[in-house]
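Below are some notes on the model, as numbered points.

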Amino acid sequence: MRHAVWIALGWLGVTFWTSLAARLSFGHLVPDAAVVTVVFLALRREPVVVTATALAIGYLVGRQALAPVGLHEVALVGCAVIAYLASGHIAGSGPAFLAVASAMGLVAYHVLLYLLLSLGRDQVGFSSWATAMLLPNAVITGVLAFVSYPGLAALERKLTPETHEGLAWR
Amino acid sequence: MVVLILLALPFVFYVSNSKVSRDHNVFDRMVVWVSAPVQWLTVAVVDGVSGAWNHYIHLVGVQEQNQALLVENANLKLEVLRRDEFRLENDRLRNLIGLRERAAEVKAIAAQVIAVSPTPAFRSIRVDRGTDDGGHLGAAVVGRHGLVGRIAAISGGWADVMLLVDANSSVDVVVQRTRAHARVRGRGGDGNLGIDVEHLSRTNDVEPGDVLMTSGSGSVFPKGLRVGTIVSVERGRFGLYQRAAALPSADFDRIEEVMILPGGWPRESSFEDGADLESNGAVPEANGAVPEANGAVPEANGAVPEANGAVPKANATVLGEGVNP
């Protein structure tokens, strides 16, 4: 049930930002709430939970993008695995760290999307536009991660069952 | 191990589905059924807030603007009177030469865009009309200036539209001036990046500025919808085809309202000669969409009704005198 909250959060984030982008033109910039959610979890949770959450969010995002089934799922799970593995080697925390990790996660996510598209489809059509949008989108996703960090951290504290080991020890 | 399975499972799905285009299944529809109202609500809130801001809060300079508008209004009234005369004259002339409103039998459903694609690799939009409103899979979607795309997935009250500029989009077109056939393929970018014109025989006379229209082949799109304008032509020394690039007519930077053409139109229906979809007069005024003035030239007519403003979800507006089965 706790994991469903993260899935719902990532999905609603994508739903909200894509509909906002339909009205308010940010020059095609759309922050990726799915990547922020997945990277946030990848920095704190065990890999099975992270990948399962990424799989579910990837499915939901892929349906809106009209993408073939499996594409966004693999890319987002891959992004989660990369973030998880990288977090083991880099010591860092806080909103700035999440922002940088999310921005890099978005780049990894889109590179994986492109690689999978090239692999699976005869003519994906390399889109110079999508490539040009990559870095600006990474920056705006990083900004979203930075801003939403306190909320995500608070939600995580609420969702994580409290242990009283410290009190018991005292 | 579990992680590897979770990674491998969707990969297998992707490899087996990557070349297959499919509509939403039951579960997908459920997903859309939950997410689309949220998107619709978000758009409604944004529209409401921006409307309240523009109409009630952001009133700096309104007094001066009001004076200027009063003068402009007086001028426009005169202009309207003049145009009414032209319109009546236009009607009389059309009746005289036996012309009828072009493609007036084609239904059109006004729809609001409620979301864009979450990833730039795919160019799609979601609109607030679906099968309940008369839309169907593959239906053509047009904007104020021309073809926008086609419905690639649909459910009861919502539809996902693959845009003309999506890399997977392909449309059969004719060059308006020479009637040369070609195919237009998206580049996966926005409108400014352009679209590719393929399979254009090298013997055909095509030059920058030529207008591309839908050919009507395959009955996917009605004939004569404006697709774009050729901006460059490259004819190599060898080969069967020449290469051309075009700029789409629709403004993909900011699409807020579109029209769905549900299909079932008679084969002879054509939008041609109504090069600019704004310059048409086929909409009954009762539907709330005011027909644009045709101007002084009697031939300047067309058929695609213009969507004037956001159409409330409650009353799906079907425009045109439909004979759609």
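Is B:His199 buried, partly exposed or exposed?

1. B:His199 is partly exposed, at 44% relative accessibility; buried means under 20% relative accessible area, exposed over 50% and partly exposed in between, with a 1.4 Å probe and protein chains only. The residue is in strand β8 (residues 195–201) of chain B. Its phi is positive, about 55°, although B:His199 is not a glycine. Most residues other than glycine have a negative phi.

2. This is a predicted model, in which local features need pLDDT of at least 70 and side-chain atom pairs count only at pLDDT 80 or more, while totals for chains, interfaces and linings use all residues. Residues are numbered from 1 along each chain as its sequence is written, chains are lettered from A and ligands numbered from 1 in the order in which they are written, and side-chain values use heavy atoms, with hydrogens and water left out.

3. B:Arg179, also not a glycine, has a positive phi near 65°. This residue lies in the loop between β6 (170–175) and β7 (181–186) of chain B; strands are DSSP runs of E of at least two residues, and helices runs of H or I of at least four, numbered from the N terminus. B:Arg179 is partly exposed, with a relative accessible area of 37%.

4. In chain A, helix α1 (residues 2–23) packs with helix α6 (residues 128–159) at about 155°, the axes being 11 Å apart. Axes are lines fitted to C-alpha atoms, for helices over the stretch in contact, and angles run from 0 to 180 degrees between N-to-C directions. The two helices are therefore roughly antiparallel, a term for angles over 145 degrees.

5. At this pair, A:Arg2, A:Val5, A:Trp6, A:Leu9 and A:Trp17 of α1(A) meet A:Leu144, A:Leu152, A:Leu155, A:Glu156 and A:Leu159 of α6(A). Contact means heavy atoms within 4.5 Å.

6. The largest nonpolar core has 49 residues, and A:Val35, A:Val39, A:Ile57, A:Leu71, A:Leu76, A:Leu98 and A:Tyr109 have the most contacts inside it. Such a core is a set of buried Ala, Val, Leu, Ile, Met, Phe, Trp, Tyr and Cys residues joined through side-chain atoms within 4.5 Å. Its largest share, nine residues, comes from α2(A). Another core, of 48 residues, lies apart from it and includes B:Ile125, B:Val173, B:Val175 and B:Ile195.

7. Not counting residues up to four places away in sequence, A:Tyr109 touches residues including A:Asp32, A:His72, A:Cys79 and B:Thr119.

Note on methods
Angles under 35 degrees count as roughly parallel, over 145 as roughly antiparallel, 65 to 115 as roughly perpendicular and the rest as oblique.
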